[in-house]
Amino acid sequence: MLETIRILNTTLPALYLAIFAVYLIDFFKDKPALHNIKRIFLFVTLIIHTAYLLFWTIHFDHPPITTKFEIFTVLAFSVAFSYFLIELSSDIRATGAFIILFSLIFQAISSLFIEDLIDVPEVLRNRLLGLHVISALLGYAGITISAVYSMLFTIQYKRIKLNQFGLVFNRLPSLEMLEKLSVNSIIVGFALLTIAIVIGTVWLPQAFPDFSLLDPKLLTTGAVWLIYGSGLAVRFTSGLYGKKFMTFSVIGFVAAIVALAASGIMGSSFHQFNK
Amino acid sequence: MNIIGTTINHHTASIEQREALHLSKNEITGFIDILRREYLSDGFVISTCNRTEIFGLPMDNDLNVAKLQDALLEFKQVDGLSNKNFLNFFSCGAIKHIFSVTSGIDSLILGDSQIHGQMKEAFQLSVDMNFAGTVMRRIFDTAVKVGKRSISETGIGEGAVSVSYAAIQVVEKIFSSFENRSAIVIGAGETGELAAMHLKDKGIGKITISNRTLSKAEELARKVHGEIIHFDDLKDYLHNFDIIVSATAAPGYILGYDDIKTVVKRRRGNTICLMDLALPRDIDPAVAKLDGVFYNDIDSLGSIIDQNIKRREKEIPAVEGIILDEMQNLFAWYNTLEVIPTIKKIRDFFEDIRQEEIEKIRYKVHEEDLKKLDEMTKRLVGRLLHNPTIRLRNVAESGLNYQEVANYTSVITSLFEPQNENEPVKKS
């Protein structure tokens, strides 16, 4: 099984690269023959990725959520799977390249640095940890996808405003659709982050004796949650629409990345699992 | 194929000249009577704002196409036009032209789908007037097929090529659907009407018309099942609309920067599309700077049209491929018509010999044996003629090489045509 895991670990970035290339070619060329092929290709890759995650869990006796580089492969899967669901439900097929790019980057980082890890502390085999991490990752996948759609909205907005009716104008969906996809992704991402925080709040003090509310990771996650929560609250109460909300989504995403990076740099956290 | 044709169109004549020769449906009916009486056994006449064309099979093989042109000029009593304003077509060229017209690649607006329907109407009129025999009907059917294939198999009809439709194309990139949207069309002229019709076709949720002359607004509103707003009250209601299309003949702006700024405020930042299809413009272009306001005028929409035309131009080779393909099919069928009499001639020739030989032995053999001999000789002749018949048909069906078919039929005719035995053998 270890051999299979190693083969899949090498194959997955190549598969995501191939999907990214197919989506990109279709974006520029708009070949009807590629419309269904790329979706089938993505579906097959997701099945292979699922098999990889299962094999890993069985072989190493823990889900791949205990180190940063294990988490990156789950994040790559979450982004690609979420996009697959969005494409199926909205039938918007021209935006895949911009989202799959993130899966490609996350999987490439994971495949390069992931290590075999058999001995993990008992606390990290807890089921609540699984739920906590998975919901947090899906939450981050949601805000990542939202940021991509917000950026595409901004690009399309400028194209229409400046009367640049070229390839990008023709291939990207309408502003209303891009906004809808972005907002829905934020809502789902925010809900999942909330679940992750709730589970963390209940489980972390029990699991880690040195638990502290002033832990950098907790503070940054809380800040990200507050940013998105307040943005959504303003949207639904005072009407934060269109370009303003899309700008907010991009800023929120950048803030989330900076916050996560900062918390990682600050180090010394009980919340680091295996270092 | 002995088809001939002549056309006066946007390539050869000005709009005034084309208008002068335009034929109404009644006039076409009258003109076909003249053609049938004096010049053509079958044919059709089409007349649109961009072309008047006459095509058909001449009664006399030596018919000069100029006579058709003279007949048309005389029928319409038009001066100032000469044969130089016409293009003439014969045989393959005529068929290719008919197919090019039907496919839209000969249209003033490349890929114009309207011409397909107009050609179909012209063909139908010809059929209704018994002015179309087997060959002409086959040409009509194939031309219609070319038109359909061009639309479904190529991108010749894709993309907006009119300002009003280009405006709708931009709006489609702002709103994902029209169902929950409201639009107002200011100006009930030709452009306004076209825009209103496009919006209706796209399923706009609510459409309102405003025009200085109320009766015109009411008339257009009836056509698109819309409502009306008095022109003087326009500014009080503008904030209710997601899409504003303006196409009036006003000499200056009817909506200024401050008017639209007020609208944006009242809409609390909700997106608004302003499509200014008027010349001179109706809306101050400075409104484009406002957040959430999308403004387009004829110039900016023109770039969409240019792109779409270029995209359509790239499709011309594909359409020409379809035309060639269907021409081959048509001529294959037509050549088959040419060889059928030859095949019949050979078969008759062999059958006559067979029967003569059977007659010679009729009283020399028993009746049962005669029956067997009769059947055997029938089979023999059938088998002997099978390959030449198939070969001849294949040559005919293989394509456009009429000369090859003519050579084969000529050789066979001269080889097998029964001759008077007293007639001296001709030496070449």
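In the predicted model, B:T6 stands opposite B:I54 of strand β3(B). The two strands concerned, β1 (residues 4-9) and β3 (residues 51-58) of chain B, run antiparallel and are joined by 6 bridges. Both belong to an open sheet of 4 strands, arranged in the order β2-β3-β1-β4 (chain B), in which the pairing is antiparallel. At the edges of this sheet lie β2 (40-47) and β4 (87-90) of chain B, each of which pairs on one side only. From one strand to the next, the twist averages 15 degrees.

The domain assignment divides chain B into domain 1 (4-157), domain 2 (163-303) and domain 3 (319-416). Between domain 1 of chain B and domain 2 of chain B, the C-alpha centres are 40 Å apart.

A helix pair was examined next. Helix α4 (residues 91-103) of chain B packs against helix α6 (residues 134-153) of chain B at an angle of about 40 degrees, and their axes are 8 Å apart. The crossing in which α4(B) passes α6(B) is right-handed. On the α4(B) side, the residues that meet α6(B) are B:I95, B:I98, B:F99, B:T102 and B:S103. Their counterparts in α6(B) are B:I139, B:A143, B:V144, B:V146, B:G147 and B:S150. By class, this contact of α4(B) with α6(B) comprises 7 nonpolar and 4 polar residues, with no charged residues.

A further sheet of chain B is open and contains 6 strands in the order β7-β6-β5-β8-β9-β10, with parallel pairing. The partner relation of β10(B) with strand β9 (residues 272-276) of chain B is parallel and extends over 5 bridges. Within this pairing, B:Y295 of β10(B) is the bridge partner of B:L274.

Another helix pair of chain B is formed by α7 (residues 163-172) and α8 (residues 190-201), which pack at an angle of about 40 degrees with their axes 9 Å apart. Helices α7(B) and α8(B) are therefore oblique to each other, and their crossing is right-handed. The contact brings B:V163, B:S164, B:Y165, B:A167 and B:I168 of α7(B) to B:T191, B:L194, B:A195, B:H198 and B:L199 of α8(B). The residues of the contact of α7(B) with α8(B) are 7 nonpolar and 3 polar, and no charged residue is included.

In chain A, the domain assignment gives domain 1 (1-120) and domain 2 (125-275). The centres of these domains of chain A, taken over C-alpha atoms, are separated by 20 Å. Domain 1 of chain A contributes 25 residues to the contact, and domain 2 of chain A contributes 20 residues. On the side of domain 1 of chain A that touches domain 2 of chain A, at least two residues each are supplied by α1 (2-29), α3 (68-90) and α4 (96-113) of chain A. Helix α3(A) gives the most to this side, with 9 residues. The class composition of the side of domain 1 of chain A that touches domain 2 of chain A is 17 nonpolar, 7 polar and 1 charged residues.

The axes of α1(A) and α4(A) come within 9 Å and cross at roughly 165 degrees. This crossing angle makes α1(A) roughly antiparallel to α4(A), since angles over 145 degrees count as such. Helix α1(A) passes α4(A) in a left-handed crossing. Residues of α1(A) in the contact include A:L12, A:Y16, A:F20 and A:F27, while those of α4(A) include A:I100, A:L101, A:L104 and A:Q107. The contact of α1(A) with α4(A) is made up of 14 nonpolar and 6 polar residues, with no charged residues.

Between the chains, 14 residues of chain A are in contact with 19 residues of chain B. Two or more residues each are given to the side of chain A that touches chain B by α5 (127-161), α7 (175-207) and α9 (242-266) of chain A. The residues on this side of chain A divide into 6 nonpolar, 5 polar and 3 charged.

Definitions and conventions: Residues numbered from 1 in each chain as written. Chains lettered and ligands numbered in written order. Predicted model: local features only at pLDDT ≥ 70, side-chain atom pairs only at ≥ 80, totals over all residues. Domains from an automatic or database assignment. Contact = placed C-beta atoms within 7 Å. Nonpolar A, V, L, I, M, F, W, Y, C, P; charged D, E, K, R; others polar. Axes fitted to C-alpha atoms, helices over the stretch in contact; angles between N-to-C directions. Parallel < 35°, antiparallel > 145°, perpendicular 65-115°, else oblique. Left-handed = near helix turned anticlockwise from the far one by under 90°. Pairing = 2+ DSSP bridges.
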